[in-house]
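Welcome, and please have a look at the structure below.

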Amino acid sequence: MAMKASGADQSKKKLLQERVPLRRTAWKLAEFFVLFLLLALLAHRATGLDAGGVAWQVAFVCEAWFTFVWLLNMNVKWNPVRFVTYPENLAERIEELPVVDMFVTTADPVLEPPLVTANTVLSLLSVDYPDAGEKLACYISDDGCSPVTFYAMRETVKFSRMWVPFCRRHNIAVRAPFRYFTSTPDFGPAGHKFRDDWTFMKSEYEKLVHRIEDADERSLLRHGGPDFCEFMDVERANHPAIVKVLWDNSKSSIGEGFPHLIYVSREKSLSHHHHYKAGAMNTLTRVSAVMTNAPIMLNVDCDMFANNPQVVLHAMCLLLGFDNEIYSGFVQAPQKFYGALKDDPFGNQMEVIFKKLGSGVAGLQGMFYGGTGCFHRRKVIYGMSPDSIMAGREGITGSPSAKELQKKFGISNELKESARKIISANLASEPIVDMSSRIEIAKEVAACNYEIGTHWGHEIGWVYGSLTEDVLTGQRIHAMGWRSTMLDPEPPAFLGCAPTGGPACQTQFKRWATGLFEILIGQNNPILATIFKHLHLRQCLSYLIIYVWPLRGFVEVCYALLGPYCLLTNQSFLPKASEDGFNIPLALFLTYNTYNLVEYMECGLSTHAWWNNHRMQRITSASAWLLAFLIVLLKTLGLSETVFEVTRKDKSTSHDDDVIDEADPGRFTFDASPVFIPVTTLVMLNIVAITIGAWRVVFRTMESEHSAPGVNEFMCCGWLLLCFLPFVRGLVGKGSYGIPWSVMLKASLVVAIY
Ligand SMILES: O=c1ccn([C@@H]2O[C@H](COP(=O)(O)OP(=O)(O)O[C@H]3O[C@H](CO)[C@@H](O)[C@H](O)[C@H]3O)[C@@H](O)[C@H]2O)c(=O)[nH]1
Ligand SMILES: [Mn+2]
């Protein structure tokens with residue numbers, strides 16, 4: 001295939017990457033079988049549509065929808081691939097390695113403890129890369145404008161001067177100290193030097209932890225010295241831009257080389273929408289443009305540390321390893337998590353999703369952009385399509401005029417010049433300028449009104465208008481005709497933390513579903529992008545799988561209501577044991593669940609993990625996804641706004657990792673959020689319905705009517721209660737394990753009305 005390095009090239013240059021198709025014939029057969037059963041069920045329903053009543057008709061519509069979703073799934077999983085990278089083959093191409101800007105975003109010093117961010121930054125400052133000090137720069141965006149975060153970064157730099165040489169000297173495998181120091185390495189017989197070094201570093205790290213954890217905003221402002229002047233009297237939502245160079249490697253003494261570190265807190269004002277993370281990323285893009293202007297940009301969330309020290313090299317294999325860069329517009333690593341709870345009790349570790357859907361979509365136009373763990377090309381972020389790059393090379397289009405640049409990038413001359421370099425040049429390394437001389441320019445482009453009248457947030461940079469700016473931005477890149485690749489080295493490239501507890505998980509799923517649905521119904525709809533731009537059809541269908549989450553929530557709740565509805569009104573919506581069709585739903589239920597279970601087993605996960613995911617999937621559909629559906633409806637009607645609620649990050653960053661304050665961290669917890677009302681309602685309804693249904697059967701009040709519910713309806717309600725078990729326990733649970741009274745009250749009101 002054209003995607004591999006071309007033959008002629010290969011004889012000169014060693015292979016950097018390989019795209020390996022994965023075989024899956026048995027899976028394809030199983031998928032066809034499920035599809036066949038779905039169609040058989042639909043056909044059976046269609047024949048009885050007139051006689052069946054309302055329940056039967058609703059079931060028909062829902063099952064047609066499930067079939068549609070199944071087809072979407074088949075499409076994405078059909079031709080999966082894996083990318084293999086060979087960083088050792090970069091050795092002969094060292095001079096070609098481009099400069100890389102690495103971005104970290106943080107937004108709230110309480111939900112995102114500065115120590116977490118410090119560890120992420122440390123892991124980035126210590127990655128393996130030739131001439132790291134000259135070729136890498138790290139930028140941290142602090143939307144919290146917190147002196148404590150700034151202080152943590154300043155202390156981090158001091159610690160880096162010891163940490164980075166230590167990692168290089170001993171080739172340390174995990175370079176986020178909070179993870180590294182969780183275990184004691186095997187020093188070996190001749191390891192005195194290493195042991196001494198290790199003990200020293202560990203105690204230095206502990207000191208760093210104490211300094212950061214004990215830091216207190218007020219005393220920093222009062223006694224912290226001139227560094228903190230700019231933080232005096234600022235409000236988080238209303239303050240001027242703060243840019244500080246914490247480490248300028250060109251000024252360091254020889255031998256210390258590690259990446260520059262720049263702290264950025266963009267200007268905020270109550271009269272300007274700041275567009276959450278997308279806005280932060282655009283500011284970082286501009287600030288870095290006027291300082292280091294690297295052609296490649298890596299972005300991670302503050303909790304996603306680089307777990308594989310060679311990660312940038314692996315990424316370079318995918319960025320430099322194709323004979324046409326159209327094949328790797330960006331390089332995305334799957335999200336993986338550290339310290340994950342056993343068997344995924346909250347169904348949010350997404351291992352199977354990333355393995356199955358991830359490699360599937362990687363085989364189409366390419367991996368979705370997931371917001372973190374991604375290497376972008378600056379020119380792609382600047383809106384250049386593969387066509388325009390071709391045209392530029394063939395000399396069809398000249399260098400853009402100053403006026404054009406201003407219209408797109410805004411008024412800053414330095415920014416325009418830097419953009420011109422990116423647009424006209426190839427991946428070339430550039431010497432880094434003296435950074436402190438650029439601070440005022442950086443502040444200018446970090447102003448909150450800088451973007452007004454420019455293309456930022458639309459044709460350039462991270463796209464505004466969705467809470468999942470990541471997926472939307474990735475879709476725009478695919479729509480320009482780029483493909484993307486998946487970076488999945490061993491050990492995993494990046495690790496972050498998955499939220500735990502009912503409220504945090506549901507809030508995250510709700511935000512994602514809301515953002516994805518916003519894309520579907522907005523002007524950036526993927527179907528339009530397929531018709532009018534270069535989004536491939538099958539890629540579009542893959543995007544649809546996640547965009548329709550809220551619709552799935554709505555349909556699943558409708559379907560879940562059928563069981564109790566039938567038991568209460570003495571009807572049936574599934575074929576009777578005596579009818580021909582009885583076996584179809586049964587076979588479907590068994591095959592579908594077996595198919596999923598085997599997927600989990602193939603990925604090396606337990607039956608328990610499968611069950612937890614299956615259960616959580618039902619809960620999330622009826623809670624977070626349904627709510628997202630309603631939120632977007634309200635937004636469309638102009639009745640509410642969507643807000644980015646930041647996820648709380650793991651606090652256990654000091655190395656007593658396993659000590660968690662809650663008795664049972666895997667158990668579902670609740671709060672008074674409306675997200676818990678739908679499932680609580682369904683649980684109550686099912687309990688009432690089963691009781692009434694059973695009472696009827698026992699006392700035979702309705703002499704065996706033809707339409708009366710059969711064993712299927714009872715099984716449905718029972719299965720649903722099993723899936724919703726955390727809520728059943730929540731009805732009687734205590735403290736955060738119990739469903740709050742306000743939620744129960746609202747739910748019972750709904751049940752009563754029903
Ligand atoms: O106003 C804001 C809000 C958030 N963030 C940062 O955005 C990142 C992601 O926020 P988080 O609360 O951790 O969200 P997650 O759901 O964990 O993140 C996933 O989903 C988001 C989209 O919903 C993507 O932006 C993320 O990259 C992706 O990891 C964090 O680094 C935040 O500091 C900001 O910089 N400014
Ligand atoms: Mn996160």
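In helix 4, Pro114, Leu115 and Ala118 meet Val209, Ile212 and Glu213 of helix 8. Two residues are in contact here if their C-beta atoms, placed from the backbone, lie within 7 Å. Helices (H or I, at least four residues) and strands (E, at least two) are DSSP runs, numbered from the N terminus. By class, this contact of helix 4 with helix 8 has five nonpolar residues, no polar ones and one charged. The classes work as follows: Ala, Val, Leu, Ile, Met, Phe, Trp, Tyr, Cys and Pro are nonpolar, Asp, Glu, Lys and Arg are charged, and the others, Gly among them, are polar.

Before going further, a word on the source: this is a predicted model, in which local features need pLDDT of at least 70 and side-chain atom pairs count only at pLDDT 80 or more, while totals for chains, interfaces and linings use all residues. Residues are numbered from 1 along each chain as its sequence is written, with chains lettered from A and ligands numbered from 1 in the order in which they are written.

**Two helix pairs**

A second pair can be set beside this one. Ile619, Ala622, Ser623 and Leu626 of helix 24 meet Pro678, Val679 and Leu682 of helix 25. The residues of that contact divide into six nonpolar, one polar and no charged.

| Helix pair | Axes come within | Crossing angle |
|---|---|---|
| helix 4 and helix 8 (residues 192–214) | 9 Å | roughly 140° |
| helix 24 (residues 607–636) and helix 25 (residues 677–699) | 8 Å | roughly 140° |

Axes are lines fitted to C-alpha atoms, for helices over the stretch in contact, and angles run from 0 to 180 degrees between N-to-C directions. Helix 4 and helix 8 are therefore oblique to each other, and helix 24 and helix 25 are therefore oblique as well. As for the term, angles under 35 degrees count as roughly parallel, over 145 as roughly antiparallel, 65 to 115 as roughly perpendicular and the rest as oblique.

**Domains**

The chain is divided into domain 1 (87–335 + 370–491) and domain 2 (520–753), with bounds from an automatic or database domain assignment. Their C-alpha centres lie 39 Å apart. Where they touch, 23 residues of domain 1 are in contact with 20 residues of domain 2. On the domain 1 side, helix 4 (114–125), helix 10 and helix 18 (469–479) each supply at least two residues. Helix 18 gives the largest share of that side, four residues. By class, the side of domain 1 that touches domain 2 has 13 nonpolar, six polar and four charged residues.

**The ligand and the annotated sites**

Which residues are closest to ligand 1? Of the 23 residues that surround ligand 1, the closest are Thr105, Ala107, Asp301, Gly371 and Thr647. A residue counts as near if its C-beta atom, placed from the backbone, lies within 6 Å of the molecule. Strand 3 (100–106), helix 10 (276–291) and helix 19 (502–521) are the elements that give two or more residues to this shell; helix 19 provides the largest share, four residues. The shell divides into eight nonpolar, nine polar and six charged residues, and each of domain 1 and domain 2 contributes at least three.

The unreviewed UniProt entry carries the annotation "binding site" for Lys277 and Asp301. Although spread over 25 residues of sequence, these two cluster in space, with a largest C-alpha distance of 9.7 Å. Lys277 lies in helix 10. The UniProt annotation "binding site" (unreviewed entry) also covers Glu112 and Asp143. UniProt positions are given in the numbering used here, feature names are shortened, and annotations may be inferred rather than shown by experiment. Glu112 is found in the loop between strand 3 and helix 4.
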